[in-house]
Amino acid sequence: MKNSHLLESIIRLTEKRDQHSLEICLIQTLEELIAAKRLQLYECSEASGKLELTLVLDATLDQEGRAVLDSAPEKACLRVDDPVLLDCLKTQQPALYHPEAQETQAIYPIVTKEQIVSVLCVATKTLSSREQELITSFLRIYQNYLLLLSDNERDTLTGLLNRKSFDQRIQRVMCSYTESRRRATDQVEYFGLAVLDIDHFKRVNDQYGHLYGDEVLLLFTRLMRNTFRESDLLFRFGGEEFIVIMKNVDAEKSCAVLDRFRKVVEAFSFPQVGKVTVSIGMAEITDQELPTTIIGKADKALYYAKKNGRNQVHAYEQLVREGKLEDIRHQGTVELF
């Protein structure tokens, strides 16, 4: 293999500016470099204290030997009770084994900041030492670049996803909604977006100073991380405004989780400041509307909560059904307040 081809592969990989494009480029690059029957990328997350590995990219050879890449595969999960996989996750080192006589399986954990964020699985007839070296080298490049992208997507103070990364992330969620609707037989999974606004935050900054205001934001962020699932997307949208995107949970449960978080904030004693409350507005995410329309609906529910006493959670669709809000009929409009 010519050095020029390897350099071109590295250049192509580092041209990407978002994680999903980077993942696709990694799989496509490895397809070109090694003779694999199948390449699978699993996302690592934790739910209810248990580790989950969910398939996000699947590249399989078809009958004619051509690689077919599925960037929205069925929600298959890798069994975490497999001894080889467990050892791989524990040691954070690659594992190579032979489940069948004519097949070699290789598992590569992808680690950033000493934490496994995803797992690459390679199925092939044989895997030479040269191919293993190529995979390891490209994964190291991928991990380093993934870390750079992650830092660019994060809010400097809180470490949450920032507003810049919101558009790309919500588009992926809306694509997931489309895919779930295509697969569903009886029920489409629910996706919800909530806008959270700390009540009277300006008063905190004016009375106690910005250092204590920043401490409130940091502690508020910690409460968010402790309350919401790892699979939920948490954003600092600006100032004291936050956004949560919840996937694969029904509307009633989403409201219950948000109200539980509201109570957690209300019960928490912030140093020097004391009691702080939060108002929350939620709206359903569908693929029939623009992201700005969805945020506009959540904003209307938030505004209703603030206008009616603050420290409340309201869902836009429920308020419309009850006749307390008029439905937004023009897409792409956002009401600012």
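T158 sits in the loop between α4 (129-153) and α5 (163-183); helices are DSSP runs of H or I with at least four residues, strands are runs of E with at least two, and both are numbered from the N terminus. This is a predicted model, where local features need pLDDT of at least 70, side-chain atom pairs count only at pLDDT 80 or more, and totals for chains, interfaces and linings use all residues. Residues are numbered from 1 along each chain as its sequence is written, and side-chain values use heavy atoms, leaving out hydrogens and water.

Me: Why does T158 count as buried?
Reply: Buried means under 20% relative accessible area, exposed over 50%, and partly exposed in between (1.4 Å probe, protein chains only). T158 has 8% relative accessibility, so T158 counts as buried.

Me: What makes the link between the side chains of T158 and D155 a polar contact?
Reply: A polar contact is a pair of N or O atoms within 3.5 Å; within protein, one must be able to donate a hydrogen and the other to accept it, and residues adjacent in sequence count only if both atoms are side-chain atoms. The T158 and D155 side chains are joined at 2.7 Å.

Me: Which residues of helix α3 are buried?
Reply: In α3 (residues 83-91), they are L85, C88 and L89.

Me: How do you know that the buried residues of α3 line one face?
Reply: Look down the helix axis: the buried residues of α3 fall within an arc of 95°, so they line one face. That arc is taken from the directions from the helix axis to the C-beta atoms. On the other side of α3, P83 and K90 are exposed.
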